[in-house]
Amino acid sequence: MNILEALQALQRDGIAALEEIRGSGQLPLWYRTYLGRKGRLTQLLRGLGDLSAGERPLAGKRANEVKAALEDAFQARQEHIKAAELEVALSSEQVDVTLPGRPIAPGHLHLVTRTLRRLREIFAEMGFQVYEAPEVETDENNFELLNIPAYHPARDMWDTFWISDEVVLRTHTSPGQIRCMRESHPHPIRVILPGKCYRYEQVTPRSEHQFFQVEGLAVGHNIRLTDLIGTMREFAGKMYGEGRKMRIRGSYFPFTEPSIEVDMDCILCRSEGCRVCKYTGWLEIAGAGMVHPVVLRNGGYDPEEWSGFAFGMGVERPAMLQHGIEDIRYFYGNDLRFLRQF
Ligand code: PHE
């Protein structure tokens with residue numbers, strides 16, 4: 001039998017064998033036998049090399065035709081078999097295609113995001129714009145220019161994640177003050193600076209190594225401590241309800257002078273004394289003060305002409321108060337049982 005006859009026989013056998021196939025499970029074996037890498041067509045093609053130069057072109061052409069014919073026949077048979085199988089499946093199995101699909105549960109905003117939005121809203125009503133500053137900061141902005149030189153013991157107030165000798169994960173939103181002042185000079189400023197901060201701290205129910213702050217900064221002419229206190233009072237009323245009592249204590253921050261701590265009457269126990277207010281009846285809501293002259297100057301403002309106030313408050317803490325959340329670690333634990341409650 002010469003090679004042309006062998007090709008002819010291969011095509012005939014292959015197509016006959018395809019007709020015999022009843023289920024899609026048998027299709028791969030057929031393919032391997034006839035068209036596979038070690039199949040019959042491949043074997044015949046090996047023989048092409050032995051032909052004379054005169055016979056080779058015709059045999060090659062025929063081989064291609066046989067291959068195409070087998071491929072086409074295979075495709076057609078495969079489609080036919082699959083369609084028949086689907087038909088059987090549809091008529092024997094019960095599928096109610098009119099049943100509604102399972103709903104995809106929509107997500108919602110994280111409690112921190114919602115609290116941030118509320119804070120933005122309240123300060124927007126008082127004319128504060130939002131200024132965004134980066135979470136990765138220079139040592140210079142985070143400390144130096146805020147009047148905290150390397151040797152200063154106040155650095156102990158901020159346990160820091162260092163990226164390199166000069167770069168840190170910001171330990172507070174205050175470095176944004178410098179950026180904002182340098183960009184805004186010589187115009188007055190009234191902004192809040194919300195954002196994530198990081199401290200190299202032991203994680204406990206009360207402190208995380210990541211948390212949000214909202215910083216406030218006002219720079220202008222004749223801005224006084226009473227403006228700061230008034231702003232805090234207005235904020236507390238809007239955030240926690242009218243009629244809040246407020247207490248101002250002297251404090252210390254290197255970048256404010258004088259510095260204060262703002263307390264509010266404990267909304268949980270109505271100042272009767274509870275675990276959350278440590279039986280004092282007061283809750284701390286912000287660190288604050290008048291912008292230090294050195295910081296004003298570092299920001300490009302002449303302290304002889306300009307004055308300002310700044311404050312910094314946590315975001316998780318107020319949310320914990322409002323919702324009776326006892327452990328700050330829930331915020332970043334990604335436990336849906338927690339997240340779904342808000
Ligand atoms: N940056 C201070 C802190 O993180 C808070 C603060 C901000 C105090 C602005 C005074 C003025 O503790």
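A residue is called buried when its relative accessible area is under 20%, exposed when over 50%, and partly exposed in between, using a 1.4 Å probe and the protein chains only. By this rule Phe331 is buried, since its relative accessibility is 1%. The model is a predicted one, in which local features need pLDDT of at least 70 and side-chain atom pairs count only at pLDDT 80 or more, while totals for chains, interfaces and linings use all residues. Residues are numbered from 1 along each chain as its sequence is written, and side-chain values use heavy atoms, without hydrogens or water.

Phe331 pairs with Tyr332 in a tilted arrangement, with 6.4 Å between ring centres and 40° between planes. Rings of Phe, Tyr and Trp (its six-membered ring) pair if their centres lie within 6.5 Å; planes under 30 degrees apart count as stacked, over 60 as edge-to-face and the rest as tilted. Tyr332 has a relative accessible area of 22% and is therefore partly exposed. Across the whole structure, 18 aromatic pairs were found. Phe253 and Phe255 are stacked, because their planes meet at 25°, with the centres 5.8 Å apart. Phe253 is buried at 14% relative accessibility, and so is Phe255 at 7%. Ring pairs also join Phe123, Phe128, Phe235, Tyr240, Phe309 and Phe311 into a cluster.

In soluble globular proteins, nonpolar side chains tend to be buried together. A nonpolar core is here a set of buried Ala, Val, Leu, Ile, Met, Phe, Trp, Tyr and Cys residues joined through side-chain atoms within 4.5 Å. The largest such core has 45 residues, and Phe235, Phe311 and Met313 touch the most other members. A separate core of 24 residues includes Ile178, Met181, Val219 and Leu296. When residues up to four places away in sequence are left out, the contacts of Phe311 (heavy atoms within 4.5 Å) include Phe123, Ile192, Val214 and Met232.

A polar side-chain atom of Ser174 is 2.9 Å from a ligand nitrogen atom. A ligand oxygen atom lies 2.9 Å from an N or O atom in the side chain of Arg199, and a ligand oxygen atom lies 3.0 Å from an N or O atom in the side chain of Gln213. Of the 330 Å² of accessible area that the ligand has on its own, the protein covers 92%.

Key. Polar contact = N/O pair within 3.5 Å; in protein donor to acceptor, adjacent residues only side chain to side chain. Areas by Shrake-Rupley, 256 points an atom, 1.4 Å probe, with all protein chains shown as cover.
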